[in-house]
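Thanks for making the time this morning.

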Amino acid sequence: MPCYAIHVTGVVQGVFFRASTQEKAQALGLRGWVRNEPDGSVLINAEGELEALQNLVAWCQQGPPKAEVTNITVKEIPEEGFPDFRIQRSANQGF
């Protein structure tokens, strides 16, 4: 099953990006996590069906209403077998 690391920059913290990403990912049947990065960006690791991942990437182009996305990078990474989709509180904290 494909797994993507999605790095989103812009005004993406303090605008409910993580919670909105979790809702979207769960609706798409994806598993993984989303977290704020120390540099003000958001990192998402998601795995699931390719079409669902592509839909998540497309959604990330705009994000929730108050977000101002300036750039997205997507990298395919090895599958990790996530149990569900969660919000990670910081880059130093696991599930």
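Predicted model: local features only at pLDDT ≥ 70, side-chain atom pairs only at ≥ 80, totals over all residues.

Residues are numbered from 1 along each chain as its sequence is written, and side-chain values use heavy atoms, with hydrogens and water left out.

Let me begin with the helices. Helix H1, residues 17-27, packs against helix H2, residues 50-60, at an angle of about 150°, and their axes are 10 Å apart; the axes are lines fitted to C-alpha atoms over the stretch in contact, and angles run from 0 to 180 degrees between N-to-C directions. Helices here are DSSP runs of H or I with at least four residues, strands are runs of E with at least two, and both are numbered from the N terminus. That angle makes H1 roughly antiparallel to H2, where under 35 degrees would count as roughly parallel, over 145 as roughly antiparallel, 65 to 115 as roughly perpendicular and the rest as oblique.

On the H1 side the contact is made by Phe17, Ser20, Thr21, Lys24 and Ala25, and on the H2 side by Leu56, Trp59 and Cys60, contact meaning heavy atoms within 4.5 Å.

The rings of Phe17 and Trp59 have their centres 5.5 Å apart and their planes at 55°, so the pair is tilted; rings of Phe, Tyr and Trp (its six-membered ring) pair if their centres lie within 6.5 Å, with planes under 30 degrees apart counted as stacked, over 60 as edge-to-face and the rest as tilted. Phe17 in H1 and Trp59 in H2 are 42 residues apart, and the pair thus links distant parts of the chain. Both residues are buried, that is, under 20% relative accessible area, with exposed being over 50% and partly exposed in between (1.4 Å probe, protein chains only).

Turning to the loops, Val12 lies between strand S1 (3-11) and H1, and is buried at a relative accessible area of 1%. Among the residues that Val12 touches, leaving aside those up to four places away in sequence, are Phe17 and Gly40. Gly40 sits in the loop between strand S2 (31-36) and strand S3 (42-47), and counts as partly exposed at 25% relative accessibility.
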